[in-house]
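Please keep the sequence and the 3D view at hand while reading.

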Amino acid sequence: MTTAAVVVVAVTVAMNAFSGIAALLHWKAILPGMAKADVPESWLTFPIGTLKTAGAAGLLAGLVLGVPWLVAAAAAGLVLFFVCALYTHVRAADYTAQFGLAVVFLGAAGASLVFTLTA
């Protein structure tokens with residue numbers, strides 16, 4: 001992997017690990033945005049927190065072990081997750097900061113996937 005790919009994947013790991021753990025802990029700061037998007041608080045544990053954390057773990061494991069297909073699989077899973085997240089926000093007509101964050105997260109996951117597949 002190129003240095004740029006490693007940096008992009010590492011940033012994506014950090015973003016999703018923090019966000020996934022925050023969701024698993026039902027961090028109070030994210031609750032209003034989830035309510036605005038009509039996401040039940042119970043979903044913070046599964047699927048949201050679990051899938052973000054698993055995606056971060058997959059990216060990290062693939063990076064550390066030097067297994068590009070694992071990085072690509074985890075990145076593809078995160079891309080699908082954030083496409084669904086954006087769909088959820090659009091259905092609820094929620095274009096608040098959490099919608100913007102989902103766009104950023106989707107971009108990071110997409111960049112990780114592209115860098116990995118082209119490395």
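## Basis of the description

The model is predicted, so local features are described only where pLDDT is at least 70 and side-chain atom pairs only at pLDDT 80 or more, while totals for chains, interfaces and linings use all residues. Residues are numbered from 1 along each chain as its sequence is written, and side-chain values rest on heavy atoms, with hydrogens and water left out.

## Overall build

The protein contains 5 helices and 0 strands, and its pattern along the sequence is α-α-α-α-α. Helices (H or I, at least four residues) and strands (E, at least two) are DSSP runs, numbered from the N terminus.

The radius of gyration is 14 Å, which agrees with the value near 14 Å that a compact globule of 119 residues would have. This radius is taken over C-alpha atoms, and the globule rule is 2.2 Å times the number of residues to the power 0.38. Along the principal axes, the C-alpha trace spans about 40 × 25 × 20 Å.

## Surface and contacts

Of the 119 residues, 41% count as buried. Buried means under 20% relative accessible area, exposed means over 50%, and partly exposed lies in between, with a 1.4 Å probe and protein chains only. The protein exposes about 6300 Å², and carbon and sulfur atoms supply 77% of that area. Accessible areas come from the Shrake-Rupley method with a 1.4 Å probe; for residues, only the protein chains shown count as cover.

A contact requires heavy atoms within 4.5 Å. Among contacts between residues at least 6 apart in sequence, 67% join residues at least 24 apart.

## The pair α1 and α5

Helix α1 (residues 3–24) and helix α5 (residues 97–118) have axes that come within 9 Å and cross at roughly 145°. Axes are lines fitted to C-alpha atoms, for helices over the stretch in contact, and angles run from 0 to 180 degrees between N-to-C directions. The crossing of α1 and α5 is left-handed, a term for a near helix turned anticlockwise from the far one by less than a right angle, with clockwise giving right-handed.

On the α1 side, the residues that meet α5 are A4, A5, V8, V9, T12, M15, N16 and S19; their partners in α5 are V104, F105, A108, A109, A111, S112, F115 and T116. The residues of this contact comprise 11 nonpolar, 5 polar and no charged. Here Ala, Val, Leu, Ile, Met, Phe, Trp, Tyr, Cys and Pro count as nonpolar, Asp, Glu, Lys and Arg as charged, and the others, Gly among them, as polar.

## Two residues of this contact

S112 belongs to helix α5 and is buried, because its relative accessible area is 0%. Not counting residues up to four places away in sequence, S112 touches V8, V9, T12 and A75.

N16 sits in helix α1; its relative accessibility of 0% is why N16 counts as buried. Apart from neighbours within four places in sequence, N16 has contacts with K52, T53, A56, L78, F82 and F105.

Q98 is part of helix α5, and with 17% relative accessibility Q98 counts as buried. Leaving aside neighbours within four places in sequence, Q98 contacts I30, G33, M34 and H89. Between the C-alpha atoms of Q98 and V11, which are 87 residues apart along the chain, the separation is 18 Å.

A74 lies in helix α4 and is buried, with a relative accessible area of 12%.

## Backbone details

The peptide bond from F46 to P47 is cis, with omega near 15°. P47 is placed in helix α3 (residues 45–65).

Two residues with positive phi are found in loops. H26, a residue other than glycine, has a phi near 55° and lies in the loop between α1 and α2 (31–36). A93 is not a glycine either, yet its phi is positive at about 55°; A93 is in the loop between α4 (68–91) and α5. With a relative accessible area of 45%, A93 is partly exposed.
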